[in-house]
Amino acid sequence: MKKFSLILIITALASVLAASAADIIGTITLNGTPPPEVPYTPLMNDSTCGAMYKTAPTTHFYAVGPNHELADVVVSLKDVTGKSTGASQPPVTLDQKGCLYMPQILAIQTGQKIVVKNSDSCIHNVHVVPAVAGNPESNQVQMSGGPDLDYTFSKPEMFMKFKCDVHPWMFAWVSVFDSPYFAISDKEGKFVIKNVPPGKYTVEADHRKLGTSTKDVEVKDSDVTVNFTLDVK
Amino acid sequence: MAENALLKFNRPLYWFAVLTALFTFLLLGAGGLVTSHEAGMSVPDWPNSYGYNMFLFPPSKWIGGIFYEHTHRLIASGVGLMTTILAAWLWLKDSRKWMHWVGVAAFLLVVAQGILGGLRVVLIDAQLGIFHAIIGQLFFVLTSAIALFTSRWWLAQEFPRQDRIHRQAAVGLVALRRLALVTMVLIFCQLIIGATMRQQHAGLAIPDFPLAYGKIWPDTSAADVQTYNEHRMNVVAENPITGFQIILQMLHRMAALAICVLTAICAWQAWGRLGKKDALTKLALFWLGLILVQALLGAATIWSNKAADVATAHVLGGAVSLVTGTLWYVIAGRRSATLPEIAPVTAISGVYGGTSAAATNK
């Protein structure tokens with residue numbers, strides 16, 4: 001009976017906490033004209049990879065929509081650490097398809113598994129190049145149809161590089177956070193950081209080319225909107 | 001009795017040494033292509049290649065960057081074997097004891113270089129790549145020097161008529177050697193800067209030439225570097241650039257200018273002191289020409305946005321420049337070493353050389 005009461009109390013507390021949490025939502029907009037994207041010429045010059053395309057795919061450093069909405073911006077709560085739930089979260093998949101990494105920008109929590117697949121008919125090597133001590137550098141072979149490669153990282157890091165040296169135009173950038181409070185802006189430039197507990201925070205928007213922009217917010221019991229405009233200088 | 005008097009020219013040994021130097025040059029080119037194509041880590045294991053014995057790795061799997069890295073390893077194995085044979089040959093057939101140890105040094109250096117290259121892959125340490133590149137250049141100098149030391153010219157008991165120089169000129173040669181030494185050291189420093197730039201894997205830190213971001217000296221504040229990175233659209237070599245890398249390239253440019261001036265002075269001085277027909281003057285002019293071509297290749301590397309073949313040609317130009325300077329220095333040393341044995345200092349119009357015994361028996 002005592003045990004049942006305890007479970008009821010915990011459930012009730014959790015419900016109250018969940019109810020008081022709110023989402024931080026917003027849109028990222030690009031101000032200015034970015035440099036034109038460049039075609040993956042080396043990809044087309046590779047007999048195996050080039051055969052997969054009729055025309056050369058291009059980089060998308062600046063994934064900008066018709067109304068200047070900007071995708072692939074990593075938005076997070078600055079200096080929120082020690083809150084990772086990564087070990088219990090489902091893995092995130094990074095695929096090698098058409099001799100490109102898909103997606104090229106992604107984010108995980110510390111302790112969360114990232115699974116790298118090779119959907120191509122050729123060899124890739126998965127070369128992880130962290131810049132933060134504690135996240136190990138590694139370089140592994142992944143044959144066509146070979147088993148998936150799993151990675152986890154223990155330290156937060158922005159834009160950790162995954163690369164293939166066999167095809168040196170292949171890059172993915174993985175950001176690692178020590179909390180679940182982050183998001184990546186979608187094609188419409190929108191992002192949602194879910195279930196943020198009440199409090200004052202600094203929201204940080206990071207774009208791999210455009211750098212960092214921050215805004216202070218206070219989360220209470222309803223959703224908060226924070227929009228960012230990043231400038232091309 | 002001078003040791004040279006006892007030496008006999010060993011034609012097969014000489015040509016084998018030349019071949020080893022040529023293959024070393026080829027190896028440098030292959031290594032340059034590996035870095036230029038950002039393919040250094042495309043074969044993650046060593047000494048095996050993708051689990052295969054290196055020599056049994058199927059050519060069908062030599063795709064993309066693997067082709068450059070694997071062929072580099074194969075050529076390196078060949079050079080290692082040639083160097084081992086060369087060292088043994090020198091030990092057994094060359095009567096000069098110091099040449100035995102030069103051969104041993106070459107053998108040890110090629111072994112160390114091979115291990116260093118392997119460790120760069122296994123330990124995934126880009127810094128080792130810088131040392132690997134520099135030692136590669138030094139090894140090329142050593143194999144070229146061995147070819148010189150085993151040549152008929154080097155072993156001759158007396159210099160050919162056209163190599164004789166006036167005493168006054170010989171005294172000037174000593175000063176000229178010092179200048180060549182300074183130039184050589186500067187070229188070597190330049191190679192270190194170049195290797196460091198290449199191992200940053202960040203592409204071009206400055207995309208324009210002769211200006212730098214439109215200025216004589218570029219801005220390197222954090223805000224400016226951020227702006228540069230926003231506008232860089234590289235498909236490969238994706239690392240963002242830093243202020244340090246920009247300054248490094250500016251140092252590289254300034255050192256290049258200094259080297260051009262110094263080699264021009266060397267050539268001009270050699271012409272004035274030794275005469276235009278002297279072999280050392282011709283070699284100095286060749287050196288100057290080489291440096292000018294090298295400067296042009298450096299500019300072309302930037303103008304081509306670091307095209308792999310152009311960048312690799314620039315690496316090879318640097319290697320040949322260092323070797324040419326070194327050989328010039330060694331040959332000049334060979335000739336000026338006989339100074340104490342020739343006519344008195346007052347006999348300015350006397351002829352350098354004389355009999356081989358007088359010239360070399362010290």
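**A helix pair and its setting**

Tutor: Of the 233 residues in chain A, 37% count as buried. Remember throughout that the model is predicted.

Chain A has three helices and 17 strands. Its C-alpha atoms fill a box of roughly 70 × 45 × 30 Å along the principal axes. Among its contacts with a separation of 6 or more, 63% join residues 24 or more positions apart.

Two backbone details in chain A deserve a check on screen. The peptide bond from Met102(A) to Pro103(A) is cis, with omega near -10°. Pro103(A) sits in the loop between β4 (100-102) and β5 (105-109) of chain A. Asp72(A) has a positive phi, about 65°, although it is not a glycine. Look for Asp72(A) in the loop between α3 (47-50) and β2 (74-77) of chain A. Is Asp72(A) buried or exposed? Asp72(A) is buried, because 23 other C-beta atoms lie within 10 Å and the cut-off is 20 or more.

The model scores ipTM 0.84 and pTM 0.86. Chain B averages a pLDDT of 89, and 87% of its residues score at least 70. One stretch of chain B needs care. Over residues 340-362 of chain B, pLDDT stays under 50. The model still has 39 contacts for that stretch beyond four places in sequence.

Next, the contact between the chains. Chain B gives 23 residues to the contact, and chain A gives 29. On the chain B side, α3 (64-93) and α8 (222-231) each supply at least two residues. The largest share of that side, five residues, comes from α8(B). By type, the chain B side divides into 10 nonpolar, nine polar and four charged residues.

Stay with α8(B). Which of its residues are buried? They are Val225(B), Tyr228(B) and Glu230(B). The cover over these buried residues includes α9 of chain B.

Asn239(B) counts as partly exposed because it has 18 C-beta neighbours inside 10 Å, whereas a buried residue needs 20 or more. Leaving out residues up to four places away in sequence, Asn239(B) touches Gln200(B), His201(B) and Ala202(B). For scale, compare Tyr52(B). Tyr52(B) is 187 residues from Asn239(B) along the chain, and their C-alpha atoms are separated by 31 Å.

Two packed helices are described by the angle between their axes and the distance between the axes. The axes of α9(B) and α10(B), residues 279-303, come within 8 Å and cross at roughly 160°. The two helices are therefore roughly antiparallel, since angles over 145 degrees count that way. Their crossing is left-handed.

Which residues make the contact? From α9(B) come Ala256(B), Ile259(B), Cys260(B), Thr263(B), Ala264(B), Cys266(B), Ala267(B), Ala270(B), Trp271(B) and Leu274(B). They meet Leu280(B), Thr281(B), Ala284(B), Leu285(B), Trp287(B), Leu288(B), Ile291(B), Leu292(B), Ala295(B) and Gly298(B) of α10(B). The contact divides into 17 nonpolar residues, three polar and no charged. Read the numbering with helix geometry in mind. An α-helix has 3.6 residues a turn, so residues three or four places apart point the same way.

Follow the chain past α10(B). Lys306(B) lies in the loop between α10 and α11 (308-336) of chain B. Phi of Lys306(B) is near 60°, a positive value in a residue other than glycine. Is Lys306(B) buried or partly exposed? Lys306(B) counts as partly exposed, because it has 19 C-beta neighbours inside 10 Å and burial takes 20 or more.

Trp46(B) and Pro47(B) are joined by a cis peptide bond, with omega about 5°. Pro47(B) is in the loop between α2 (11-36) and α3 of chain B.

Note on methods. Residues are numbered from 1 along each chain as its sequence is written. Chains are lettered from A and ligands numbered from 1 in the order in which they are written. This is a predicted model: local features need pLDDT of at least 70, side-chain atom pairs count only at pLDDT 80 or more; totals for chains, interfaces and linings use all residues. pLDDT is the predictor's confidence in each residue, from 0 to 100. Two residues are in contact if their C-beta atoms, placed from the backbone, lie within 7 Å. Helices (H or I, at least four residues) and strands (E, at least two) are DSSP runs, numbered from the N terminus. Ala, Val, Leu, Ile, Met, Phe, Trp, Tyr, Cys and Pro count as nonpolar, Asp, Glu, Lys and Arg as charged, and the others, Gly among them, as polar. A residue is buried if 20 or more other C-beta atoms lie within 10 Å of its own, exposed if 12 or fewer, and partly exposed in between; C-beta atoms are placed from the backbone. Axes are lines fitted to C-alpha atoms, for helices over the stretch in contact, and angles run from 0 to 180 degrees between N-to-C directions. Angles under 35 degrees count as roughly parallel, over 145 as roughly antiparallel, 65 to 115 as roughly perpendicular and the rest as oblique. A crossing is left-handed if the near helix is turned anticlockwise from the far one by less than a right angle, and right-handed if clockwise.
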